[in-house]
Structures are given as C-alpha cells and as structure tokens.
Amino acid sequence: MLEIDNLSHVYGGGSPNAHHAIDGLNLSVAAGELLCIVGPSGCGKSTLLRSIAGLITPTGGEIRVEGTVVRQTPDNLAVVFQDYSRSLFPWMSVADNVALPLRRKNMDKRQRREAAHEALESVGLQDAGRKYPFQLSGGMQQRVAIARALAYRPTLMLMDEPFGSVDAQTREDLEDLVLKVRGHHQMTIVLITHDIDESVYVGDRVVVLSKAPAHVVGDLKVELPAPRDQISTREHPDFVHLRAEVGRLVRGHATV
Amino acid sequence: MRRGGLRTAAFRWVVLLVLVVVWEAATRVAGSTFFPPPSTIVTRMHAMWFSGPPDALFLTDTAVENILPSLGRMAAGFAGGALAGVVLGLAVGLSARAYDYLDGVLQFLRAIPPPALVTVFLVLFGFGLRMQLAFIMFSIVWPVLLNTADGARSVEPLHLQTSQAFRLSRAELLLRVVVPSTLPKMFAGLRLALSLSLIVMVFSELLPGTTNGIGFQITDAYSTFDLPGIWAGIVLLGVLGYLLNELFLVAERRVLGWHHAAQQLAVP
Amino acid sequence: MSAQTLSRARPASTTTRWSRRAAGALAFAALIELAGRTGLIDAEFLPPATEIVGRAVTLLADPAFLGHALTSLLAWAMGLGIAAAIAVPLGLLLGSVPIIDAAMRSVVEFLRPIPSVALIPLVALVIGTGLQLRVTLVVYASLWPILYNTMYGLRGVDPLAKESLRSYGFGPLAVLLRVSLPSSAPFITTGIRLAAGVALILTVSTEIVAGRGEGIGVFIFFAGIAVPARMADILAGVFWVGLFGVVVNALLVAAERRAFRWHHAQLGERP
C-alpha cells in the first residue's frame, strides 16, 4: 500500500543553518493497516506526513503509494490536520466543508450532499450540517475534519496529530471514533502522534522515530483483544508492557 | 443587552435633538448671516429638493437634475474603480514576486493625493463627465487594489495545504478559498474607497466647468452669497454620506457574517 | 498559480525585496519613457520619465516653486498638529468617560460623514481664503481618524493594569496618563498616519478650489489650465507630492512599530 525507501529531507539545503529533518527512513505499510508513528517532538513526523501527502517534495529517497511514486498528492488520499480551526474553511457551512473535496469526484450536487450527510452521520454530527465551524466546539470541529476525509472515501488516510488540540475527554472519544469508522470503511490509516498511550491504544502497529534527523528505531506489532475499550484495554498487561517499550524507545533516543 | 442598546440609542437621539434646539436658539439670537438657523436650512432643503409631486417620489426638478447626476457619477466611478481594484489586487496578490516588484510603484501611486492629478485628467479629457468618471475611478482604485492584494497574500497556509491535499482545481481554489479569505481586507479597502469617492465626487463638481451636481449647487450658492443654499448642500452631503456608509455596513454584515462571528468568539 | 506554488512560496529576503521594488520602479519609469518617446501616448499628454524627473530636479532650484511647496507644507503640518492636539485629548475623554461618549457620539456620527471638501466654500466665505482656510479644513478632515483610533486604542487597555495602579492609590488622571495613554500610543500613531494622508488631500484640494495665492496645488492647477498645458510641470509637482506622502507614511509606519514594541514583547515575540 505504502512504501518509503531511504527517505531524507533537508530544509534550507546548502545554507549553514540547514535543518536535517529526515535521514534514511524506510517503512512499509500494508493495506488495511492502522499504523501509528510516534517520536519526540520536532523529530520530523510532520515532514514525513507532508511528504507522503505530496505537499512537499523530499530531497532524497522515494515514496510509493499503491505502487506509484508520489510526485503530487496521490488520488484517494485524505489528510486530517492537527489544527482544525485553520484547516476548515470558516466561510463555508459544515456540510459545504465536507462536500468541497467531492467536487473532484464525478458526483452531482445531490450525490455530494448525500455523501456529506452520510459522513457527518458516521461521526455523530448529522444535525450540524447547516452550522458554521466557529459555532462548534474544538472536538466537534475535528469531527467535521474527519468527516470531510471520510466522505472522500480515501484508500489511505493520513492524520497529523489529529487529537493534539482537544481536551482529554474529547481525545478519548475521538480515538474511539477512529477505531469505529475504520471498521466501517476499508482503508489504511497512518496516524502521527507524540502520545505514547494513544499510539498503542489506537494502532495495529507502532513505529517509533528517532529525534531529527528521523529514522525508524522501533517497529512493534500491537495485538490487543478487540474491541478496544478505554478502561479495560489500558489495564491489559500487554498494553502496559507495550507502552513501556514504546516509551523506552522514544525516550532512549530523545535524551541522547 | 438589547434593552441597554435601545436605551443608549434613545439617549443619543435625545442629545442630538437637544443640540439641534440649542443650535436653533443660538443662531436665532446671534442672527449671523453665515450661520442660518437649522429650521431655515431644512426649509430650504425641502423647497429646493423635496417638494416635488408624489409620483416623482417628492423630488423636485432641481433634485432630479443635480442629486441624481451626483449619485450616478459617484456610483459609476466607485463601481469601476472597485472592480478594477479587486481584479488587479487579486492578480498582484497571488504572486509574491509580482507583489514585490509592484509594491513600491503602487505605494507611490496611492500616496499621491488624488486632487493633485485632477489637472492631468482635465488636460486628457477636458471638463465634463468623462473626466469626472476617470478621476473618481483613478482615485479609489489604489486603496482597493492594495488591500485586496494584501488579503490575497495572507491566505492561511493550512487552507492552501488542505486544498492541495484534496486536489482542488485552480478555479475552485481561487473561487472557494482565495477570494473568501481575501474578503475581510477587500471590504476594508472598499470602505475607504466609498468615503473617498464621495470626497472626490464633490471635489470634481466644485471645479469650474461643471454644469450640475450637489457640488455645483454649493458653488452656485457661494457665488450668489446664498448661505442657506450652501448649508443645505453640506447637510445633504452629510446625510448621503451617512446613508451610504450604513448601506455598506449592511452589505458587509451579509457577506462577512462568518468572519465577524468567528472573530468575536476568538477574542472573548 | 496553484495551491502548491502559493503555499511553497518562501518570503524573499529583505535585500531581494528592495531590489525588486527598485526594479519595479525603474520598469515603471521606463514604460513612461517608452510611451512618450515612441509616440504611443502624445508627449504633450505624457512627457518621457527623464523629462519629468529632470523638471522635478530643476524645480528644486526654483524659488517660486519652493515658495509654493513651503506654503503647502506649513498648512499641512499646522493642520495635522492642531488636529492631533484636539483629537487625542478628546479621544481620551470620550474613551474613558462613558456618559460623555454617549452624549457626543451622535454629534460625532453626524459630523463625520460630511465630505470635508464640501465645506471649502462655506469656510472661505466665513474666514477668507488665506492660510487659515487651508488649516481649518485640514484640521476638520484629520480630526476623525485620530479621534477614532484613540478611542479604539483605549478600549484595548488591560483593565488589570489600570486596577493595579489604582490599588497603589493613584487617581483616575494618573491612570489615564500612565497606563491608558502609553498603551494606546500605537493606535494613536496609526490614526495620525491615516490623518497625514487625508491632510495632504485636503491641502491640495483647498488650494485648487480656492485657486489663488501660493501652494503646490495652485502651482499644479495653473500649469494645467495654461494653454498649452505644462504637463511636465504638473507631473513634476505630482512627483514631489507623492514622494512626500510615501516618506511621511514610511516614517509613521516605523513610529508605529516602535510604539508597538512593548506589544510584541508582551506576546513573547521579537520586534
């Protein structure tokens, strides 16, 4: 589904204060997988995600999505950014925000409206379509951003610290929402986070990155009983064990 | 809140009324030719412009021959200048490079007080309507252009990335993302342009060679030492300025409702 | 243009931007030069740029022109100064005493929309057409931007700062002068910058409408109604007025940044 070969990226190449964000990163994600990427803050996670999305061109290496080398944003890919307040369009209603990307698909107005409604329904916001983003709470706005990505029916969904700007309770709700919608939609999800617990709770697999320049320092399979539950899963011995291991990997490289 | 607002408004009207009464009394006592009592001014305005037949909306021939041409010139000049300013502003603002190259020249053109150029337009077009329209358009195009360009330059980067990630076409990007983000600053420029267009419209009518318009009526009254006539023109222009501004605010609230609401929430 | 180019465009360095600005200005001048030399636009209407700038330079040695320029400068500066001297204290008063604000608001709202140039004939009749006419109109027009920005700035004053000073036993006047005035200084500067542009418009307008005496507007007007019109003189005059406007604006923008330094520091940014 997604292969990354020997990826590297340097900001401001050539200048004395060039920043080496990624160096020699290899990664492969299977179709249908929910992969969490964790790493110390400022380690180049967002650079990695933006490279996969084709928003920036990496200075070295290659990314392939469904076998095609990424040069611009691949088809059937959707992104959910951390900062919902700046990624939703404030001048459009919630329904229009969700329906906007569908203009690229061969759909008439009615079909777009139905698809948007369906997506809003799947995130529990079926009644919010006529509202404007600023009338919703932060957590609800991020649900809209997720609905916008779902309506697009992507085969690959990228999420950049999607729950980084909401409170703890909302965060847990949104984590469960991701687990729920991924059951209904056939898609691969790559979720970037700096929260170790979250990565283990949500992911099928957790990849740990080093501090910048980033490369993979750990790759763990998460095998926890389904369905996952905020209370019992977090008490499970395997969960406790895994998060300790991820924590050691993150910290071991963060403090060097 | 609502009741407080009503009370404040009522208080303001009462104060205004009291001040008008004081003004009336003071001018009557002083008896100066330069400062006729407000009642004289209002009577004059009524006789001159608003005592026409009902089927002409009570407008007199003098009103039709002077107020309407003034408003027409201003509207045409404003529309032309605003349209040019918006289109050129978007074009300049969309390219950081073009903006850098043109910034200096545009700042210079904006800094020129429009009346200084009126003689240039006189030489080019002679006295008359064409010169007045060109002059009004040229005067207001710069604030609109510069504000629009500024707005188009400062589109939220994440909005652009989102549009790119969802592969919006160029036309969709321009129409649904860039133009809406530009609107708040574009409207700030348009508002400046509106009050400026009233000023330059009146200025162009004060020049010799004009044959009608509110400004012409003021000059006419000036040459015959008709002070109530001068005052009537000034008051009429003040009322028109006030109404145009209110009209603009209504339009702005309609178009920028999302912006104002979002701002109010952001700054509690 | 695409989202990609828009989002990736990195801001150019300051040197690059200044050299681009200079290149743009040169290209603009070259365009005028070319239009005049090739006869695309009749040189009688638009003389070549070199001729305009050349004329502008020789005007600097012309005592008559300098007299015009100084007269205008005097009216502009006096009007702006008097307007600031009235509008800043008035703004502080209206902005800090709600009852006076409510009472004066309707007067302000009804006076402000009057297009200032419409007052020229009336004021000319009442006080005559000399320097006093120009100064009066400049004062009237410059008053509003300064007044509004002063009041706007006062609204943003941190109530905690006022209370903390009051808790040390300072009276309302001390609070006004030590907290409210300094923290609204950036807004007052913005008001003065906007007023400076309006003042220039009114100086020139009044000179042209009154049409006599000295002043840059008079100079430009007579060059325009001469037969044949002295286009190079007009544009040389416009060149100096425009340059003056750009320089004053740039100086006041710099003053605003200085006045705003505390603001940036407070937000944890570097100025």
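The legends below describe close-up views of a predicted model. Residues are numbered from 1 along each chain as its sequence is written, and chains are lettered from A in the order in which they are written. Local features need pLDDT of at least 70 and side-chain atom pairs count only at pLDDT 80 or more, whereas totals for chains, interfaces and linings use all residues.

**View 1. Overall fold of chain C.** Chain C contains 12 helices and 0 strands (DSSP runs numbered from the N terminus, with helices being H or I of at least four residues and strands E of at least two). The radius of gyration of chain C is 23 Å, well over the 18 Å that the globule rule gives for 271 residues, so the chain is more spread out than a compact globule (radius taken over C-alpha atoms; rule, 2.2 Å times the number of residues to the power 0.38). The C-alpha trace of chain C spans about 75 × 60 × 35 Å along its principal axes. Of the 271 residues, 39% count as buried (20 or more other C-beta atoms within 10 Å of the residue's own, these atoms being placed from the backbone).

**View 2. Packing of helices H4 and H9 in chain C.** The axes of H4(C), residues 63-96, and H9(C), residues 172-210, come within 8 Å and cross at roughly 145° (lines fitted to C-alpha atoms over the stretch in contact, with angles from 0 to 180 degrees between N-to-C directions). The crossing of H4(C) past H9(C) is right-handed (near helix turned clockwise from the far one by less than a right angle). Residues of H4(C) that meet H9(C) include Trp76(C), Gly79(C) and Leu92(C); among their counterparts in H9(C) are Ile188(C), Ala195(C) and Glu207(C). The contact residues divide into 15 nonpolar, 5 polar and 1 charged (Ala, Val, Leu, Ile, Met, Phe, Trp, Tyr, Cys and Pro are nonpolar; Asp, Glu, Lys and Arg charged; the others, Gly among them, polar).

**View 3. Interface of chains B and C.** Here 58 residues of chain B are in contact with 55 residues of chain C (C-beta atoms, placed from the backbone, within 7 Å). H4(B) gives the most to the side of chain B that touches chain C, with 10 residues. That side has 40 nonpolar, 14 polar and 4 charged residues.

**View 4. Interface of chains A and B.** In this pair, 18 residues of chain A are in contact with 18 residues of chain B. The side of chain A comprises 12 nonpolar, 2 polar and 4 charged residues.

Conventions: Two residues are in contact if their C-beta atoms, placed from the backbone, lie within 7 Å. A residue is buried if 20 or more other C-beta atoms lie within 10 Å of its own, exposed if 12 or fewer, and partly exposed in between; C-beta atoms are placed from the backbone.
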